[in-house]
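Take a look at the fold below. Follow the strands first, then the helices around them.

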Amino acid sequence: MLSMPEQGPRMNSFSLGELCWLFCCPPCPSRIAAKLAFLPPEPTYSVHTDASGATSLHLTERADWQYSQRELDAVEVLVTRTSRGNRVGCMFVRCAPASRYTLLFSHGNAVDLGQMCSFYIGLGSRINCNVFSYDYSGYGVSTGKPSEKNLYADIEAAWQVLRNKYGVTPENIILYGQSIGTVPTVDLASRYECAAVILHSPLMSGLRVAFPDTRKTYCFDAFPSIDKVSKVASPVLVIHGTEDEVIDFSHGLAIYERCPRAVEPLWVEGAGHNDIELYAQYLERLKQFITFELATS
């Protein structure tokens, strides 16, 4: 069974005291973003470098590794530097060496690469894609603190590594974002064309998650994906659970309606925020999209 680690608690229920704490005066988008969205766990992995400069991945028990040492040894890890000066951990899982496509995967808010590694192997082998991923600033081995600006710099650095170090061309890269990971994914996709974009439980903006009645983007809002997604020129598959208790289903609908090249979405009836991948239609829709629809687009 394909299972993704828990992605974090609900974000859309606040008391009056919490609202006062959240929206300090004057409102600061970076503080709002950090308090709402970033829950870096205690690191579940480390990157070791030997005398020859070769790097290897070492996992803690909390990473919940589900495969053998052979698969672990095949996972490539490295550290790159972002335009904002942070060092960011990256991981390349080559589960389908003969595949055309590589997913550039941006994970959820309460996990790191160590916890996601087993999931990447399971996902990539089932949909016949390699998976390249990275940790946000302040997550895993990545330095700095998580912030909205760092989020955008982090995915840009990962994109450049995939392009320049590994030679993967944009027409062979599928950007995949899950939950908070849809934010850097939309930002990058609005600036670069690629093979496709997959948005798994996307959010319109930070304020719209915290305050569902918000109808426009204010100057102090964070993560305004709803205003960027119309600039995405690549095909976009939106996936959302109808009973999502963290990011309401209405966010997925709104993002889908704004995408110029949206394909048939996947609305998973009864699914919440952390269990979509447990439904059979999740893998079925991904396979259909990647194997057949992209080949004829």
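How many bridges join β3 to β4, and do they run parallel or antiparallel? Six bridges join the two strands, which run antiparallel.

## The model

This is a predicted model, in which local features need pLDDT of at least 70, side-chain atom pairs count only at pLDDT 80 or more, and totals for chains, interfaces and linings use all residues. Residues are numbered from 1 along each chain as its sequence is written, and side-chain values use heavy atoms, with hydrogens and water left out.

The protein chain holds ten helices and ten strands. Both are DSSP runs numbered from the N terminus: helices are H or I with at least four residues, strands are E with at least two. Of the 297 residues, 57% are buried. Buried means under 20% relative accessible area, exposed means over 50%, and partly exposed lies in between (1.4 Å probe, protein chains only).

## The sheet

Eight strands form an open sheet with mixed pairing. Their order is β3-β4-β6-β5-β7-β8-β9-β10. Two strands pair if DSSP finds at least two bridges between them. The edge strands are β3 (76-81) and β10 (266-268), and each pairs on one side only. From one strand to the next, the twist averages 20°.

Now look at single pairs. Thr 80 stands opposite Val 88 in β4. The hairpin of β3 and β4 has five residues between the strands, and Gly 85 there takes a positive phi near 90°. β4 and β6 run antiparallel, joined by four bridges. Met 91 stands opposite Ser 133 in β6. Strands β5 (residues 102-106) and β6 (residues 130-134) pair in the parallel sense, over four bridges. Thr 102 has Asn 130 in β6 as its bridge partner.

Why is β4 largely enclosed by the rest of the structure? Six of its seven residues are buried.

## Helices on the sheet

Helix α4 (residues 113-127) packs on the sheet and touches β4 (87-93), β5 and β6. Its direction makes about 30° with that of β4. Such angles run from 0 to 180 degrees between N-to-C directions; axes are lines fitted to C-alpha atoms, for helices over the stretch in contact. Helix α6 (residues 182-189) lies across β5, β6, β7 (173-178) and β8 (196-200). α6 runs at about 145° to β7.

α6 also meets helix α5 (residues 148-165): their axes come within 9 Å and cross at roughly 65°. Contact means heavy atoms within 4.5 Å. Among the contact residues are Leu 151 and Trp 159 of α5, with Val 183 and Leu 188 of α6.

## A bent helix

Helix α10 (residues 280-296) has 17 residues. α10 bends by about 35° at Phe 289. The bend is the angle between axes fitted to the seven residues ending there and the seven starting there. Buried residues of α10 include Tyr 282, Arg 285 and Phe 289. The buried residues of this helix pack against α4, β7, β8, β9 (236-241) and β10.

## Two positive phi values

Asp 64 has a phi near 55°, positive in a residue other than glycine. Asp 64 sits in the loop between β2 (55-59) and α3 (69-74). Ser 201 has a positive phi of about 60° and is not a glycine either. Its place is the loop between β8 and α7 (206-210).

Which of these residues is buried, and which is partly exposed? Asp 64 is partly exposed, with a relative accessible area of 48%. Ser 201 is buried, at 0%.

Definitions and conventions. Expected span 1.5 Å × (residues − 1).
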